[in-house]
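Thanks for coming. I have one structure to show today, and I will go through it from the whole chain down to single residues.

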Amino acid sequence: MTIRVFVADDESLVRAGFGVLIDSDPELTVVGEAGNGREAVRLIRESRPDVVLMDVRMPLLDGIEATREVMADGGPPGPRVLILTTFGLDEYAFGALRAGASGFLLKDTRPAELLAAIRVIAAGEALLAPPVTRRLIEEFVSRPAVRRQPLASLESVTDREREVLYLIATGLSNAEIAARLFLAVGTVKTHVSRLLTKLGARDRAQLVIAAYENGLTGGSATTPA
């Protein structure tokens with residue numbers, strides 16, 4: 001199946017460059033673009049893409065609020081948002097992740113990595129492997145200003161599920177978690193599925209936020225053995 005992609009960026013040259021690259025892949029197609037957040041929300045609702053490449057800083061409505069509005073529409077299958085950012089915009093990008101984005105991509109990412117990232121997001125996975133993403137989350141959820149009510153508590157989470165959640169927060173894949181805990185990959189997938197249900201999380205990106213906001217991992221937390 002062709003993956004439908006929407007590009008939201010206030011720079012026309014950036015949109016054009018992404019468009020040419022995406023359309024050069026026979027499995028991907030651009031179904032729309034927008035130069036401001038308000039237009040992006042409207043056109044995303046009309047075109048119903050699988051993946052949205054969302055810039056953070058845009059006129060009329062920034063990428064954080066645009067992501068929040070798109071995610072608030074609810075109802076499967078909804079688009080998955082991939083935030084386009086630079087290291088200098090990390091604080092804004094974290095806000096977008098909390099609003100429901102599935103991951104981050106630096107604007108200077110190599111073309112092949114961009115295409116691979118779109119496929120990862122379209123498949124329902126969170127793009128959490130790049131070290132910049134983990135550094136971003138660690139830094140901003142540890143700030144006093146961000147230490148507000150967590151997205152979800154861990155009261156109903158078992159000890160084994162906490163171990164799995166901790167390893168998800170460190171960026172490990174299901175296969176890597178299985179190897180670390182001496183479990184079958186299918187068993188890890190079951191734990192991940194239960195965590196998504198118990199914590200009301202949309203995807204692995206929100207599981208990472210839940211882990212950090214509940215102090216499961218990070219400088220002030222006691223991490224599983």
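This is a predicted model: local features need pLDDT of at least 70, side-chain atom pairs count only at pLDDT 80 or more; totals for chains, interfaces and linings use all residues.

Residues are numbered from 1 along each chain as its sequence is written, and side-chain values use heavy atoms, with hydrogens and water left out.

First, confidence. pLDDT is the predictor's confidence in each residue, from 0 to 100. The chain has a mean pLDDT of 80, with 78% of its residues at 70 or more. Over residues 219–225 the pLDDT stays under 50.

Now the overall make-up. The chain has 10 helices and five strands; helices (H or I, at least four residues) and strands (E, at least two) are DSSP runs, numbered from the N terminus. Of the 225 residues, 49% are buried, where buried means under 20% relative accessible area, exposed over 50%, and partly exposed in between, with a 1.4 Å probe and protein chains only.

Next, the sheet. It is open, its five strands have the order E2-E1-E3-E4-E5, and the pairing is parallel. Two strands pair if DSSP finds at least two bridges between them. The edge strands are E2 (28–34) and E5, each pairing on one side only.

Look at strand E4, residues 80–85. Which strands does E4 pair with? On one side, five bridges join E4 to E3 (residues 51–55), in parallel; E4 also pairs with E5 (residues 103–106) over four bridges, again in the parallel sense. Leu82 in E4 is the bridge partner of Leu53, Leu84 in E4 stands opposite Asp55, and Thr85 has Leu106 in E5 as its partner.

In a regular strand the side chains alternate between the two faces of the sheet. In E4, Arg80, Leu82 and Leu84 point one way, Val81, Ile83 and Thr85 point the other way, and all are buried.

That brings us to the cores. A nonpolar core is a set of buried Ala, Val, Leu, Ile, Met, Phe, Trp, Tyr and Cys residues joined through side-chain atoms within 4.5 Å. The largest one has 24 residues, and those with the most contacts inside it are Phe6, Ile44, Met54, Val81 and Ile83. E1, H2, E3, H3, E4, H4 and H10 each supply at least two residues of this core. A second, separate core has 23 residues, including Ala169 and Leu207.

Leaving out residues up to four places away in sequence, Phe6 touches, among others, Gly32, Ala40, Ile44 and Leu53; contact means heavy atoms within 4.5 Å.

Is H10 (residues 204–213) enclosed or open? H10 is largely enclosed by the rest of the structure, because 10 of its 10 residues are buried. Among them are Arg204, Gln206 and Glu213. After H10 comes Gly215, with a positive phi near 75°.

The other helix is H9, residues 185–199, which contains His191. His191 counts as buried because its relative accessibility is 12%.
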